Amino acid sequence: MARIGVFICHCGENISRTVDVVKAAEAAATFRGVVHSVEYKYMCSSPGQNLIKEAIKEKKLTGVVVAACSPKMHEPTFRRACHEAGLNPYFCEISNVREQCSWVHEDKTVGTAKTIDLIRLMVEKTRKNHELQHIKVPITKKALVIGAGIAGIQAALDIADGGQEVILVEKDPSIGGHMAQLSETVPTLDCSQCILTPKMVDASRHENITLYTWSEVIDVKGYMGNFEVTIRKNPRYVKEDVCTGCGLCYQKCPQKKIQGKFDAGVGLRRAIYVPSPQAVPNVPVIDKDHCTKLLKDRCGVCQKVCPTGAIDYEMKEEIITEKIGAIVVATGYDLIPNNFYGEYGQGKYADVIDGLQFERILSASGPTAGEIKRPSDGKIAESVVFIKCVGSRDPAKGIPYCSKICCMYAGKQAMLYKHKVHHGQAYVFYMDIRAGGKGYEEFIQKGIEEEGTTYIRGRVARIFKKGDKLIVRGMDTLSGQKIELAVDLVVLASAMIPNKGVKELYQKLSISYDTYGWVSESHPKLKPIETSVAGIYLAGACQAPKDIPDAVSQASGAASKVLALLSKDELEKEPLVATIDKNICAGCNMCVQACPYQAIELKPIKDRKGNVLRYASEVNHGLCAGCGVCVAVCPSKAPDLAGITEEQIYAEIVSLG
Amino acid sequence: MKQNAERKTQDAERNAQDAGRRTQDAFEPKIVAFLCNWCSYAGADLAGTSRKQYAPNIRIIKVPCTGRLDPIVLIKSFEMGADGILVSGCHPGDCHYRSGNYLARRRWMIFNEMLQFIGLEQDRVQFSWVSAAEGGKFVDVVNKITEDIKKLGPAKEYNAS
């Protein structure tokens, strides 16, 4: 006989305001199997939990139903309390009456009736609960970091310093990400390369870090502690172990006019190239879309000039599989494409550029060596307009969010421009100035008061060319006047969007992402580093627009999570997995085919002499994720899923009848 | 002041609605919602945390994945007196269990045809994809199915034997 206790939480007033908790407790006391039913102001508080613990002991409860907030919030809390009182935690269930009832229905009669229904449903389920024990699985002590921007590098370094092996995968030829493209950083105006390159070198030299650049993660199998990852190493056509990085090949390459990714299209590179002089590893790569040797089998200059014979036109891609215990996703961001706003003429006019392109122009190692020459004719830009919120905060264009970093970098770029062109004039069109962050507001004020940047509150309607000037037509919403400026260069603070191709990667990892493609965190407040999949963590701007200090601190956070996981030898896994009854299983193979994790195998059943009598399915509990697809497809219902058994689903349905 | 007046009218309207709901002749359908744990259940939670109001007729049963549901579960729900059923999972490609929602989709396409065979209107079982970020969509889905079932009236008594 089940002896169930029902505990109804007021959640302060969040539940009791629209639910008559006393009436609900009285009703629950009459349910089949319920021997104890109470309500309390804060069940999750320590006295609230003690109420449950004492009741378990005094009333000899065999099941606990807590009617409170969503199980995603406090299920672990209450299960722990039950465990401490000597009750198997899987006898504790949560009836979600706050999110599903009190917060969404204002009428107290309706709310109370629905609450009683929801409690009855959970009581019926709890009556059919079974004792479950955690499953123990071994952990592979190795981490994978996907993406080697500043977040990925920081996470890899922290994990490696913690004594664990790390594999760092980067899809570009060099690590460093967008931070390597930047000129100087906010608010201290540190040279970006100067603070980043030592970390890049550390990452490449660390004994615990294996670096795979020009590589992509193409497949992920397994589960927390036991992932199996397949990495494709794209052919560089340059042998990494032979190349000395002398640079003769890219000095001699005749293909000179290729717009490269690193210089964001404002600089030109060769067909064999290193993205930047500080590239790590300092090994060139051949662009197979532009190299005449690879395309038409003509040229071959780089092979001729290479003093060490490192060039190999026959190089093939390499597939590497690695066993991994934990994964950090640090796949970063991109900017909106340049045709996003036709009226701004980006893509049509060479002198309308985005923030990253201007960073390259500002950068001492950039295509103009740090001189503010405009892309169209190389003339020094005497006046520049910076436009903020280009794409960001524009729901009509599908980007309602704020890109967060643009206020700061537009302010910084205006300041750096003035440092380089003293007589020049910088205008910033803005919607709001959002300068939250340590030293950020002061930085913006300095730009306005000391550096003479002109801030104009309003939007730009159109940009067009007149002679060799760009006419920027917009509105000053503070004075209410139309404004028209003739300038040399326009810099758009374009909206940040997730990197190209990341959705396919996230699908391979089975992690969730939001409508824009940013990785979803497990809980917005309390689990901002965990993804929806156990053992996979996130760092940096793959979650949402983020500046460097935020990305770095999150990366360190992710690294500490990984280190905590890898510090254990065995992992305790939730026992909510499927088990197949061999006596019922007819060996039809349906579940084997349906299982998304390849966790089910047909195994022979033998007699004493070793003759195979028949085959029956068996679930590998280490691999099983507990989706229950096998239960649904089985014609004879041989599998059952712990935690939500067939019996329980039917009990829940019947309770509503 | 203006807001107060508005609120008062809204309250009056709501009370009138509630009075209607409580009278015997107004049909209040019983709707069972099977929500997957990772997307739609979280979407329902988000509707709650955003304090979005919706029709109170649904009773949510949490399942790990919509792929966990056997059509017999739905038939049993009708047998137990449900007037409508909502099955809601993750968007294609977003399944926490990789492909459970695809299996579910194929299953429901066939099940829909079976519904007519057993004499139930197709609109009584509705399927949707609601992500953890779509609290607003969850509200719309619930309100729509409630309206649809109200129009259809009570489900014919269905007896498995």
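Modeller: The strands themselves are DSSP runs of E with at least two residues, while helices are runs of H or I with at least four, both numbered from the N terminus. This is a predicted model, in which local features need pLDDT of at least 70 and side-chain atom pairs count only at pLDDT 80 or more, while totals for chains, interfaces and linings use all residues. Residues are numbered from 1 along each chain as its sequence is written, and chains are lettered from A and ligands numbered from 1 in the order in which they are written.

Biologist: Now to helix H12 of chain A. Why is this helix called largely enclosed?

Modeller: A residue is buried if 20 or more other C-beta atoms lie within 10 Å of its own, exposed if 12 or fewer, and partly exposed in between, with C-beta atoms placed from the backbone. In H12(A), 12 of the 15 residues are buried, so the rest of the structure largely encloses this helix. The buried residues include Cys406(A), Tyr409(A), Lys412(A) and Tyr417(A). They pack against S8, H11, S21, S22, H13 and S27 of chain A.

Biologist: What makes the span of H12(A) close to the expected one?

Modeller: The expected span is 1.5 Å times one less than the number of residues. H12(A), residues 406–420, has 15 residues and reaches 21 Å from its first C-alpha to its last, against 21 Å expected.

Biologist: How do you know whether Cys389(A) is buried or exposed?

Modeller: Cys389(A) has 23 C-beta neighbours inside 10 Å, so it counts as buried. Arg393(A) has 18 other C-beta atoms within 10 Å and is therefore partly exposed.

Biologist: Where are the cis peptide bonds that you list?

Modeller: One joins Val186(A) and Pro187(A), with omega about -10°, and Pro187(A) is in the loop between S8 and S9 of chain A. Another joins Val280(A) and Pro281(A), with omega about 0°, and Pro281(A) lies in the loop between S15 and S16 of chain A.

Biologist: On to chain B. What covers the buried residues of H4(B)?

Modeller: The cover includes H16 and H17 of chain A, together with H3, S3 and S4 of chain B. Among the buried residues of H4(B) are Leu103(B), Arg107(B) and Trp108(B). Just after this helix, Gly119(B) takes a positive phi of about 90°.

Biologist: How do you know how many residues of chain A touch chain B?

Modeller: Two residues are in contact if their C-beta atoms, placed from the backbone, lie within 7 Å. By that test, 41 residues of chain A are in contact with 41 residues of chain B. H4, H5, H17 and H18 of chain A each supply at least two residues of this side of chain A.

Biologist: And what does the overall layout of chain B look like?

Modeller: From the N terminus on, its elements run α-β-α-β-α-β-α-β-α, which comes to five helices and four strands. Of the 161 residues of chain B, 50% count as buried.
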